[in-house]
Amino acid sequence: MTQVADYVLERLKAWGTHRVYGYPGDGINGLLGAFDRAQGDPEFIQARHEEMAAFMACGHAKFTGEVGVCVATSGPGGVHLLNGLYDAKLDHQPVVAVVGQQKRLCLGSHYQQEIALENLFADVSEFCQMVTHPGQARHVIDRAYKTALTRRGVATIIIPDDVQEEEAQPSPPKAHGSVFSSVGWSRPRMLPDERELRKAAGVLNEGERVAILIGQGAAEAENEVKEVAELLGAGVAKALLGREVLPDSLPYVTGPIGLLGSRASDEMIRHCDTLFMIGTSFPYSEWLPDEGQARGVEIDIDGRMIGMRYPMDAHLVGDSKETLRALIPMLHRKEDRSWRKQIEKDVTEWHRVCERRADQHFDGTINPQAVASELSPRLPDHAIVTADSGSGTNWWARHLLLREGMRASLSGTLATMGPAVPYAIAARFAHPDRPVVAFIGDGAFQMNGMNEMITVKRYLDRLSGDRPLVFCVLNNQDLNQVTWEQRAMGGDPKYPGSQDIPDVPYAAYAELLGLKGIRCESPRKVGAAWDEALASDVPVVLEFKVDAEIAPIPPHIMADQGKKAAKAMVRDPDRTAIAARGVRQKLTEFAGRLPGRDHG
């Protein structure tokens with residue numbers, strides 16, 4: 001007898017899913033037996049925690065463009081999935097979650113591990129349905145995949161454990177109420193209204209100082225973005241989820257934007273007269289032009305979000321690539337290139353500032369900026385790099401320059417701690433031929449990354465090879481990003497009771513598990529440590545003992561934040577070290593600065 005659980009896995013496989021991330025439990029016993037009978041296709045990858053499984057599914061979606069799939073048992077297993085699923089929801093990644101439930105017979109009786117899963121998953125899911133009849137499984141799975149792909153979000157399938165073990169009905173009876181669905185989906189071509197395209201072209205052609213801001217929605221429009229930037233003589237800033245769209249080697253790419261952005265991006269935005277947003281929902285208005293300063297054009301595939309971040313003159317609801325292709329013939333090449341030349345000048349100077357900042361070391365400790373800066377030229381071709389949420393994200397965004405063909409991601413919208421390690425593991429499973437580097441703070445690594453080193457150990461034969469897999473841990477014994485936010489946003493000094501974390505021997509822990517561990521404490525040995533890690537044929541935990549008092553200096557300091565930071569420094573336990581480092585870091589912006597700006 002073919003059970004419903006066997007049919008579920010066959011249907012997942014028919015949709016192109018060959019790897020499912022999860023953790024076992026008796027609420028999915030039927031599915032676990034089916035995975036055994038499936039003989040590795042689809043394969044069950046055992047994470048250490050359901051949250052990590054959901055992050056892995058999200059990472060799979062980000063780095064393959066396919067639907068990521070995770071599985072969890074009933075009750076607590078389902079609850080554990082939520083943070084990773086919200087990461088997928090907010091970053092618009094197609095993920096299907098398959099969750100067990102108690103037997104239908106006991107539902108409503110306050111049974112052990114009985115949770116109203118449909119209510120629990122209602123907000124995170126674009127589609128959520130419980131399978132209560134074997135003949136229902138087919139269309140529920142099909143609709144889950146179609147919805148995840150169409151809505152670029154999460155779809156949840158709930159299957160009681162008694163249904164999992166019933167006899168499958170691949171083709172339900174030909175009767176009233178039966179549904180006969182099919183596997184298959186294709187991406188539509190979405191183009192804006194022709195009149196709106198002409199309006200957008202008029203705004204862009206009239207602009208003299210055009211700034212382009214791209215996000216992950218421009219991911220498949222690299223060539224079109226380049227052509228538009230060239231025609232308009234524009235610079236291109238990148239939201240963090242759009243890091244991989246254009247390489248940082250292009251002279252007009254100004255890099256990241258916002259609190260952890262570049263000075264070049266900030267100067268471009270502050271002086272532009274036209275803002276062109278492509279596939280991004282960058283939310284921070286304080287880093288966008290003042291209202292009324294610039295005219296605006298935006299491309300977004302989601303009409304609900306068009307014109308929600310800055311007042312736009314033209315609202316182009318459509319796919320970025322297709323829309324840009326339709327727009328390009330309407331654009332006129334700008335003959336005055338003074339704006340572009342100034343942007344390129346600012347980009348060159350910003351890279352020099354980053355180099356000077358990374359070269360500064362204090363009291364013999366490692367500057368965390370140097371960790372990213374030393375990796376940048378060593379990063380292997382076609383590498384995939386992931387980052388966690390924390391102060392390390394600043395250095396990952398500013399000092400790690402991506403080249404053509406590289407991939408990069410992090411938790412962009414949820415900005416949760418924890419995904420760098422599971423993203424990296426999923427990336428390596430999906431692309432065993434590509435180098436993978438994860439950039440992690442010690443707080444995130446202690447929170448859940450260390451546990452997933454056990455997952456790396458379990459699949460060591462699969463995750464090793466001639467392409468490096470490196471987990472870079474910045475050890476500063478401080479929940480550093482929040483510490484700086486306390487100072488700059490709350491006006492409070494560092495509170496050691498909440499911010500200090502234990503000093504853990506991360507490299508030694510890796511060695512204990514049978515991985516390679518490298519610990520670096522000397523500023524002079526940072527480059528050599530990277531060389532050793534990138535040459536390893538087994539996964540590496542590369543631990544750098546770094547300075548906690550290097551401030552993530554924003555492109556320009558808001559008056560209110562400056563006042564609060566000054567207030568915090570009066571009572572901060574590390575005020576002397578912070579002051580010495582901050583002054584020297586800030587002075588890098590003036591050392592060797594190019595001549596003053598000319599905005600044409």
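Gly303 sits in the loop that joins strand E11 (295-300) to strand E12 (314-317). The model is predicted.

Me: Why is Gly303 called partly exposed?
Reply: Its relative accessibility is 41%. Buried requires under 20% and exposed requires over 50%. The 41% of Gly303 falls in between, so the residue counts as partly exposed.

Me: How far apart are Gly303 and Gly153 in sequence and in space?
Reply: They are 150 residues apart in sequence. From C-alpha to C-alpha the distance is 16 Å.

Me: What makes the protein chain as compact as a globular protein of its length?
Reply: First, the content: 23 helices and 18 strands. The radius of gyration is 25 Å, and the globule rule gives 25 Å for 600 residues, so the chain is as compact as a globular protein of that length. The C-alpha trace spans about 80 × 65 × 45 Å along its principal axes.

Me: How many of the contacts join residues 24 or more positions apart?
Reply: Such pairs account for 75% of the contacts with a separation of 6 or more. As for burial, 57% of the 600 residues count as buried.

Me: Are Cys58 and Cys354 buried or exposed, and why?
Reply: The limit for buried is under 20%. Cys58 has 0% relative accessibility, so it counts as buried. Cys354 has a relative accessible area of 6%, so it is buried as well.

Me: What makes the backbone at Arg152 worth a look?
Reply: Arg152 is not a glycine, yet its phi is positive, about 50 degrees. It lies in the loop between helix H6 (137-151) and strand E6 (154-160). Its relative accessibility is 28%, so Arg152 counts as partly exposed.

Me: Why is Asp363 called exposed?
Reply: Exposed means over 50%. Asp363 has 70% relative accessibility, so it counts as exposed. Its phi is also positive, near 55 degrees, in a residue other than glycine. The loop that holds Asp363 runs between helix H12 (338-359) and helix H13 (368-378).

Me: Which peptide bond is cis, and where is its proline?
Reply: The bond from Asp41 to Pro42 is cis, with omega near 5 degrees. Pro42 is in the loop between helix H2 (29-38) and strand E2 (43-46).

Me: Which residues of helix H9 (residues 222-232) are buried, and what do they pack against?
Reply: Buried are Glu222, Glu224, Val225, Val228, Ala229, Leu231 and Leu232. An α-helix has 3.6 residues a turn, so residues three or four places apart point the same way. The buried residues of H9 pack against several elements, including helix H8 (194-206), strand E7 (210-214) and helix H11 (320-327). After H9 comes Gly233, with a positive phi near 60 degrees.

Notes
Residues numbered from 1 in each chain as written. Predicted model: local features only at pLDDT ≥ 70, side-chain atom pairs only at ≥ 80, totals over all residues. Heavy atoms only, no water. Helix = DSSP H or I, 4+ residues; strand = E, 2+ residues; numbered from the N terminus. Rg over C-alpha atoms; globule rule 2.2 N^0.38 Å. Buried < 20%, exposed > 50% of the residue type's maximum accessible area, 1.4 Å probe, protein only. Contact = heavy atoms within 4.5 Å.
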